[in-house]
Amino acid sequence: MTVLSVNVNKIAVLRNSRGGAEPDVVRAARTCLDAGAHGITVHPRPDARHIRADDVLALAALTREYGVEFNLEGNPFAPPRPGYPGFLALCEQVRPAQATLVPDSDAQLTSDHGFDFARDADALSPLVASLKALGCRISLFADAHLDPGRCSIARAADCGADRVELYTGPYAESFACPDGAAMLQRFAAAAARARAAGLGVNAGHDLSQDNLGAFLAAVPEVMEVSIGHALIGEALYEGLATTVRRYLDIIAGTR
Ligand SMILES: CC(=O)[C@@H](O)[C@H](O)COP(=O)(O)O
Ligand SMILES: NCC(=O)COP(=O)(O)O
């Protein structure tokens, strides 16, 4: 069974554009959970462009109330700054069920690559151990579209991680293009290598109602998808609860 964690970053983008409290991130997350979503994801950025530290606390309380997974994403190496206490400090405060570590920098528009485990493993290992001591499951954002030599996904296990999250941006980009089938094969092979190394497999970034079904059909190991940008955009036309239910139907149709 693949679970759906809805990323509500984009609700906060809209709210912050006017500086008030609407649209309400917690109400949106509650609507998703009432519609059947299995969990909530956020990725607070150090520049607080969308989700802020106070949102993280409020969503942690909400997910506790519902007894569902809270997935907190972020770069553990980004230093704290006013308004952003740092990823580890946030995890210490709210103890998310899952912490997804992502190697993004401030200047990035969005997450656009996974860890280079050959280079980053030594720095990641103690962080993973600290976060696991807080009771978090640890997932590491990973490239799946690169050649195995350049994408040593199995090495996430050497860092002590429980799972990897396959960065699906390149899949979404290639969807419906001539190289789409070959790209899917890369993802299926990367997922199989991760499973063989004892890792669970999550997936996310630019997944949508259009491309999710084909992905899950080709990569059967996926335990969780986190979806935000497309889902919140589609909800403008279809309503948030209906959109969440459509994603759940897509998942059910592939399982
Ligand atoms: C980790 C990841 O894939 C990102 O998709 C992220 O959670 C989205 O972040 P933004 O909403 O800031 O683009
Ligand atoms: N981990 C991916 C995520 O949370 C959502 O990514 P996107 O759907 O906003 O691209």
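Predicted model: local features only at pLDDT ≥ 70, side-chain atom pairs only at ≥ 80, totals over all residues.
Arginine 45 sits in the loop between strand E2 (39–42) and helix H3 (53–66), and the unreviewed UniProt entry lists Arg45 together with His50 and Thr110 under "binding site". These listed residues are spread over 66 residues of sequence, yet they cluster in space, with a largest C-alpha distance of 11.7 Å.

**Histidine 50**

- Histidine 50 is also placed in the loop between E2 and H3, and it counts as buried because it has 22 C-beta neighbours inside 10 Å.
- When residues up to four places away in sequence are left out, histidine 50 touches Asn9, Ala12, Val13, Asn16 and Arg45.

**The two ligand surroundings**

- Around ligand 1 stand Asn7, Asn9, His43, Arg45, Glu73, Val102, Thr110, Ser111, Phe141, Gly204, His205 and Gly228, and by class this shell has two nonpolar, eight polar and two charged residues.
- Ligand 2 is surrounded by 13 residues, of which Asn7, Gly204, Ser226, Gly228 and His229 are the closest. Strand E8 (222–227) and helix H9 (229–238) are the elements that give two or more residues to the shell around ligand 2.
- The shell around ligand 2 is made up, by class, of three nonpolar, seven polar and three charged residues.

**The barrel**

- Eight strands form a closed barrel with parallel pairing, in the order E1-E2-E3-E4-E5-E6-E7-E8, and neighbouring strands of this sheet are turned against each other by 25° on average, direction ignored.
- Strand E3 (residues 69–74) runs parallel to E4 and is joined to E4 by four bridges, with glutamate 73 standing opposite threonine 100 in E4.
- Strand E4 (residues 98–101) is likewise joined by four bridges to strand E5 (residues 137–142), and the two run parallel; here glutamine 98 stands opposite arginine 137 in E5.
- In a regular strand the side chains alternate between the two faces of the sheet.

**Helix H9**

- The buried residues in H9 are Ala230, Leu231, Ile232, Glu234 and Ala235, and they pack against strand E1 (3–7), helix H1 (9–16), E8 and helix H10 (240–254).
- An α-helix has 3.6 residues a turn, so residues three or four places apart point the same way.
- Just after H9, glycine 239 takes a positive phi of about 90°.

**Helix H2**

- In helix H2 (residues 25–34), the residues Val25, Ala28, Ala29, Thr31, Cys32 and Leu33 are buried, and what covers them includes E1, H1, E2, H3 and H10.
- Glycine 36, which comes just after H2, takes a positive phi of about 115°.

Notes
Residues numbered from 1 in each chain as written. Chains lettered and ligands numbered in written order. Near = placed C-beta within 6 Å. Nonpolar A, V, L, I, M, F, W, Y, C, P; charged D, E, K, R; others polar. UniProt positions renumbered as here; feature names shortened; annotations may be inferred. Buried ≥ 20, exposed ≤ 12 C-beta atoms within 10 Å, placed from the backbone. Contact = placed C-beta atoms within 7 Å. Pairing = 2+ DSSP bridges. Axes fitted to C-alpha atoms, helices over the stretch in contact; angles between N-to-C directions.
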